[in-house]
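Q: I am new to reading protein models, and I would like to learn how to read one feature at a time. Could we go through this one together, slowly?

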Amino acid sequence: MNAMLGRDWLPTGVVPLTSVITAVSYGSNPKAVLHYQNTSLFMDVTLDELPRHITERGNPGNIEGVSVAEVQLPADLLRLGFHFIDTPGLGSAIAENTRTTQRFLPEADALLLVTSYDSALTEEECGTLEQAQSGGRPIFVVLNKQDAVGPAEREEVFAHVRGRLTQLFGAAAPPLFSVSATQALAARLAGDRSALEGSGLEIFEDALTCFLVEDRRQAFLVGLCGRIEGLLQQAGDHVLLDELEALRRQFAMPVPATPAASGGLPARTQPLAGCEVCTVLREEADQFLSHFQLALYGDRQAQEQLATRGGLCDAHLPRLEALAAPREIATGFAPVLAAQAARLRILARDRATAALACEAVVAAQAASRICLVCDAVAPAGAAALRRMAVTVRQFGAAALYRNGSPCLRHFAELLRLVEDAALVGNLLGLQAALMERLEEDLRRLSLKQDAAQRHAASAEELAAPARALHALASVPAARLAPEVLRSGRPMADTDRGLP
Ligand SMILES: [Zn+2]
Ligand SMILES: [Zn+2]
């Protein structure tokens, strides 16, 4: 498992693990939950603590009564949808292990039997294979520890196991793979391509991925067509039946294996921060407002500015309300209300038409324009955007997603700054991958909520709803015009074509 996950996430050892099932699936953060026998209680533990509960040494004879250790890991292989149920070894020193494993077999979609060159395919393992085969589920047999034997012995053992499988299953013998998990893990950790190839693990992974991504989907879709067909025949809808038949033929066609790309996003073990530009804009606005609220009380010029602009925009007004004392709002906003009232009186006196009156009131409302605070924070936001653009140009598109992810609006503005077409293409692909990740987190969270499995949700998944909304919309009123980006200075109202 560790070799396939590319990291020694799970405890290993020559001491047999206790009779605990380890269920491994994707989660955006490493996380483990222990379930106990005869109770619905569960306990969160860190991965470091896991060995204390699921190894014979840490939990002898499973005295703690752990039944299942549910482990979530941010590994790309798991993102494809694999859900590994790691069972204790068959025929190991502890009889309970064999029983636990056999109890679990009927639940699996596929069986992956890992045996090794030093004790290749025991009689017990053969028995399990026969049992699994009769259930009609796909089987993969892996011969591990190929590094422990010389080339001649390797060949001999491999041929022996191959022969035994053919003897048992004839033409339907499961595929056999020779690997060295130890070498594969070391090669992955060291980034050594040729050593990884030599370990044989990739060939096995490709077969497994192909099974999951294509074969299973195909079987599922064809099966689904069958069920729909039954319903349509009852309804006697022949047009839809024909369409269904066409679909079924399409699904049944073999599809070339194309393992889903990880999208090129940096591997993630930390929750991503939000949009950097939005964060800067929010902090700058709060800082500005903390001074501005004082100015409202004592600074005539500030009061006049505010009155001329008709207040603050929809985004910054509530922020001021949260920060300022009633005395400051009272002093600062009395002139604003007077100015607004005067505008309305003029409209009333001039008997403006409905359309004109509407337009004039909207124009007088600061909400529809960029306010004093918007102006004040724009340069800092523009600087943050330019920093992003420099990072992308120097270190490539993926560098943008190392510490955070831009909201859509600031992403759009970044594209304009980056200019280079190839880079823009990369950025678009990564931003799409990011949104797909968020989508997955949302779906996973939603499924877990439905299944009352909230405890299984990772911190990232729990944060996903808020992150998803922030990814779609930036801090309101954080629009940065191109002129601001170039000069770093706010524009005058006249530049924006505002009255
Ligand atoms: Zn943003
Ligand atoms: Zn504003």
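**Reading helices, burial and a sheet**

A: Let us begin with helix α11, whose buried residues pack against α12 (300-309), α13 (316-323), α14 (326-349), α16 and α17. Helices (H or I, at least four residues) and strands (E, at least two) are DSSP runs, numbered from the N terminus, and residues are in contact if their C-beta atoms, placed from the backbone, lie within 7 Å. This is a predicted model, in which local features need pLDDT of at least 70 and side-chain atom pairs count only at pLDDT 80 or more, while totals for chains, interfaces and linings use all residues. Residues are numbered from 1 along each chain as its sequence is written, and chains are lettered from A and ligands numbered from 1 in the order in which they are written.

Q: Which residues of α11 are buried?

A: A residue is buried if 20 or more other C-beta atoms lie within 10 Å of its own, exposed if 12 or fewer, and partly exposed in between. In α11 the buried residues include Val277, Leu281, Phe288 and Phe292, and across the chain of 499 residues, 28% are buried.

Q: How many residues does helix α18 have, and what span should they cover?

A: The expected span of a helix is 1.5 Å times one less than its number of residues. Helix α18 (residues 421-450) has 30 residues and should therefore span 44 Å, which agrees with the 43 Å between its end C-alpha atoms. Among the buried residues of α18 are Leu427, Gln431, Arg437 and Asp441, and its buried residues pack against α16 (372-395), α17 (408-418) and α19 (459-472).

Q: Is Leu469 buried or exposed?

A: Leu469, which lies in helix α19, counts as exposed because it has 11 C-beta neighbours inside 10 Å. The C-alpha atom of Leu469 is separated by 9.1 Å from that of Cys407, although the two residues are 62 residues apart along the chain.

Q: What is the order of the strands in the open sheet?

A: Two strands pair if DSSP finds at least two bridges between them. Here the five strands of the open sheet follow the order β3-β2-β4-β1-β5, with mixed pairing. Strands β3 (42-45) and β5 (84-86) stand at the edges with a single partner strand each, so one side of each has no neighbour in the sheet.

Q: How many bridges join β2 to β4?

A: Six bridges join β2 (residues 31-36) to β4 (residues 66-73), and these strands run antiparallel; Leu34 stands opposite Ala69 in β4.

Definitions and conventions:
Two residues are in contact if their C-beta atoms, placed from the backbone, lie within 7 Å.
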